[in-house]
Amino acid sequence: MVKLTIDNLPVKVKEGTTILKAAETVGIHIPTLCYLEGINEIGACRVCIVEIEGKQQLEASCNTAVEEGMVVYTNSPRVRKSRRTVVELILSQHDCLCATCVRSGNCELQTVANDLGILKQTYKREVKEADWPKSFPLVRDMAKCIKCMRCVQICDKVQDMHIWDVEGTGSRTNIDVSHNRSIKESDCTICGQCITHCPTGALRERDDTDKVLEALADPNKITVIQVAPAVRTAWAEYWHLDKKKATPGRMVAAIRKLGFDYVFDTNFSADLTIMEEGSELLARLGKRGVYKFPMFTSCCPGWVRFLKSQFPDMTGQLSTAKSPQQMFGAVAKSYFAEKIGVDPRNIFCVSVMPCTAKKHECAIPGMNDACGDPDVDISLTTRELVRLIRADHITPDELKEDQFDSPLGSGTGAAVIFGTTGGVMEAALRSAVYLATGENPSPDAFPEMRGMDGWKEATYEVAGKPLRCAVVSGLGNTRKIVEAIRRGEVEYEFVEVMACPGGCAGGGGQPIHGGKEMAESRGGYLRELDEKSELRFSHENPDVIRMYEEYFQKPLGHKSHRLLHTDHDAWEMPRSPRLANRE
Amino acid sequence: MSRLSIITPSQAQTTVESLYKDLERRIIASPPGLCPVDMAASFLKLCHAQTCGKCTPCRIGLAQLGNLLDDVLSGNADMDTLQLIEDTAQTIYDTADCAIGYEAANMVLKGVHGFRDDYIEHIQHNRCTATLNQPVPCVSQCPAHVDIPGYIALVNEGRYDDAVRLIRQDNPFVTTCAFICEHPCENRCRRNMLDDSVNIRGIKRFAADHISNDYVPALAEPTGKKVAVIGGGPGGLSAAYYLSIMGHKVTVFEQRDKLGGMLRYGIPSYRLPRERLDDEIKHILSTGIEVKTNISIGKDLPISKIQKQYDAIYIAIGAHIDKKIGIEGEDSNNVISAVEMLRAIGDGNYPDFKGKNIVVIGGGNVAMDVVRSSVRLGAEKVTCVYRRRQEDMTALEEEVEGAIAEGVVMATLKAPVRIEADENGNAVALWVKPQIISKVKGGRPSPANSKMDEERIPADLIIVSIGQGIESHEFEKAGIPVKRGNFEAMDLGGVGVSEGLFAGGDCVTGPATVIRAIAAGKVAAANIDEYLGFKHTIAHDVEIPEPKMRNQEPCGRVEMHERDPFERKCDFSCIEDGMTEEEMLQETSRCLRCDHYGYGVFKGGRLREW
């Protein structure tokens, strides 16, 4: 243990602790900007500087380790002056038009500057702009970038994708797409983790709320909205609603107030996905000689982009089942349109997803199987949904709970856990056992698939045969497992992949909390919802059963193939620059 | 009012003078990977500040040139701008009245030609081609990329064994390099920005001299693969060491009696004590390397046979053939080559030069080894004949100074013309043509014949030391491509003729430094491992101390001590003494820890494995 004093308070911490963490143990919260624990401790912004007796210079507290007898001041006159100057310098190169910024009120720079009471601009304003392709789902605004390097580090260290890099040196240092590529020609998976870890509005999703408002204003459109499982874990965070208030029912009520004709649940199509994907797995297992294993889940578009760009020769191992978002769109514009007797071309299908890559997925050229128009017209992130609710001055905590509409609004407990790592696997296993044996397993028979570990594995018996399963989340872990599979070090029949660490609950489209990881607590809520569900098996969803009877007949049938499955080779994905090295 | 006065500099002038010195040191410590156009624009700004303002091209031209460069950097330029930059610079070069103007323009012109690609990238994409791949200056300059800040911190804490373990992750020849490395790591040391580079080699020497207990590295599971290494020098043994750790069965073929290559047969023991070299080789072999000495590949054993018996081959035969000077009388008796002499010494056969007048031709490090060995062998007089000036010698400055201190005469600006022999064919003198230093060619002043008469330098023995080549003949016959006397190996050390054949070190690059041969061996090990279908990593578990109090007060650099020249010139014992502990503590505390401060903490500061 090391003893020191911080702001005259005695502190005792483990050797190797940073001054920043040591200060926190005595309730001193030194402001930071670039700091991201364990990922970006590089002392770049210099906001966390402190004065240490006997040292010539101020030191960054985020990456300076404590020493025995150190005397630290976090608010000495020198520190106060320097911290202020540092923030003023950052502000001089930052587009401070906060009123029109998506992160206003949730911007770490704004908070730090406001907290310091900086009320004037000391230095000449020098804001640099750069072009960015407007059609890309992910938007970088150079004028707001403070070069904290968090996006670079998240993409390097957690996602192992290396899309962002420092470009140029000296005063012209900038963050841009690595290897002098444009974002469109890069292998960016659009996971959005850089967005949720950006302290300012320099990174955000493409805003599609205007297109949704346009459709809502069009009397000829029947507006249908689906809400992904993970959205219900985070939609109310903006209003700080407690768990009792932040129910899916209240979320439905808020969305209905926006004016949608039908408010449906992606849980419905998650159950449908299990029917198709589970049947596909069993079918592939029956033809071991024909198919390569493992079969991979395909519901995460970030992961699909990853596999197609990093290991394109393995694309055939993806389940051909569409993601729940896309299955929902296809069903809405076929089965549902028929059912309510309208022209599917008049249906405007919106999804709310915890995800930025879903914006890409719904725009894949071939995803138009129902009527020729895109099956899903617009995919919004959870953040965009929150903005729509705020814009209509709706106060959710005053709303009465409502219910999803029928028939595409029902979902089982198996569907709701799609939003957390291991959930798709667990749901698939529950139904696979039933489909293979005719008997339900215990819904809690697969505990190894739960929890926040980045790489989980277990072998289960399905109809007397061992089924080797693995679950990974985060693309860094994903690369590790795929490489291990390729080297023959591990063998599985079925692998679930989610691009974001912890799964969709921690998705790149979710509300942002200063880089704080939320996947675990949000995922825990989904597990609770599952436990409380009356139905916990996808094959028991009565609306799904009815739809098969009335429309699809059976999983993997002719209609299913046309509407619920896709060819992952039908579109081009830019290749990873690493492929050149491998070849 | 006095008629004349002595100018005493004002405080402002004195301060500016000291700032010039700061800038000089700062340029030395310029990190690699900066934006070249930004640097050109910044240099131009400095040049413009030097302008007196009298003439148009310099006063206005350099300013406008600066504006154009800023346009390029700000993304406001097109290809016409680049043409305008070139035309304007050319005009300033052609019209400026003095060097302040025309040399400033020349710097811009050099850039426009030298890094045109980067100009174009800025113009077309508003981006730069430069990247800071390895931001720690010493690590980036070390060919083997040894974790220098890491081991300096360990030595500072007295953890010498850990320091050596850390170095061995990238370079198994710790002791050898502690004695004789050319230390490119020190060239761009950021400490130059304060005072002077850290004496990195000296710190390594301290670690190497204070290991308490050596260890055998952990070996990977045997792979069952066999690798032949041809040549037991630093490059071959480095490759063998890492391949052995990776679990491959390695056999080293050495054509001489003992291992070590140039470390034994080129470098005299007063620079690298033999017992220390033997210890180091023993450590390397402790990884289970098989050694076959006195086998000349090609002559004693055909290459094709090795190819059949081994899964991969690393050719690291070095450059051991002496080059001929090509003057009349060179084949007289008593004319020998540096290689011949140093090889004999390496095998323990010390010739007797007592009372002899020795003339050595050449100005490289090997020539210095020869003159200084000659002094130690009892020569009456040793003269080093060189075509250029002393400062043009390619030998390290400290080597040249050491030789002079030991009594060697530097006969510079003398071009050998012919060797005079007596009736028995024994050389008796070297005739030289005095030179005048002349035009700069390829960045280096070249010599030209002066009008002075030829001179005669009497000699009992003439030793030619003007460089080495490689013994490529047998390998060439086996189909290995040779270009300008060296093996042609691809970037990654592979040779394109047949599968599993790799080459590196002096035999590929031509005579270079020990650390480059070691680096080539390390690279070869990784590539051979991958070629054999593995991906072993070489890693360490040494915990590196966090940086302590920054020592930012300017402080002189500790130099190593050398034994008294009068004493040391009489024997072959080591001439250099290591630092004292007190000196080591001061010198290690001068390290600025670029692995932690600056870009190093963000990216590329430390590779824990390769």
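In which loop of chain A is A:Thr189 found? A:Thr189 sits in the loop that runs between strand 8 (174-177) and helix 5 (193-196) of chain A, where helices (H or I, at least four residues) and strands (E, at least two) are DSSP runs numbered from the N terminus. The model is a predicted one, in which local features need pLDDT of at least 70 and side-chain atom pairs count only at pLDDT 80 or more, while totals for chains, interfaces and linings use all residues. Residues are numbered from 1 along each chain as its sequence is written, and chains are lettered from A and ligands numbered from 1 in the order in which they are written.

A:Thr189 is buried, with 32 other C-beta atoms within 10 Å; a residue is called buried if 20 or more other C-beta atoms lie within 10 Å of its own, exposed if 12 or fewer, and partly exposed in between, with C-beta atoms placed from the backbone. Leaving aside residues up to four places away in sequence, A:Thr189 touches several residues, including A:Met161, A:Arg305, A:Phe306 and A:Leu475, contact being counted when C-beta atoms, placed from the backbone, lie within 7 Å. The C-alpha atom of A:Thr189 is separated by 29 Å from that of A:Ile347, which is 158 residues apart from it along the chain.

A:Ile347 in turn is one of the residues that A:Val224 touches, among them also A:Tyr262, A:Phe264 and A:Phe348. A:Val224 belongs, with A:Cys151, A:Ile225 and A:Val231, to the residues with the most contacts inside the largest nonpolar core, which has 165 residues; such a core is a set of buried Ala, Val, Leu, Ile, Met, Phe, Trp, Tyr and Cys residues joined through C-beta atoms within 7 Å. Apart from it lies another core, of 134 residues, including B:Val174 and B:Phe353.

Further along chain A, helix 16 (residues 519-532) has A:Ala519, A:Arg522, A:Gly523, A:Leu526, A:Leu529 and A:Asp530 buried. These residues cover an arc of only 105 degrees around the axis, so they are on the same side of helix 16 of chain A, the arc being that of the directions from the helix axis to the C-beta atoms. On the other side of this helix, A:Glu531 and A:Lys532 are exposed, whereas its buried residues pack against helix 13 (413-416) and helix 14 (423-437) of chain A.

In chain B, an open sheet of five strands has the order 3-2-1-4-18, with parallel pairing, two strands being paired if DSSP finds at least two bridges between them. Strand 3 (290-292) and strand 18 (501-503) of chain B are its edge strands, each pairing on one side only.

Note on methods:
Contact = placed C-beta atoms within 7 Å.
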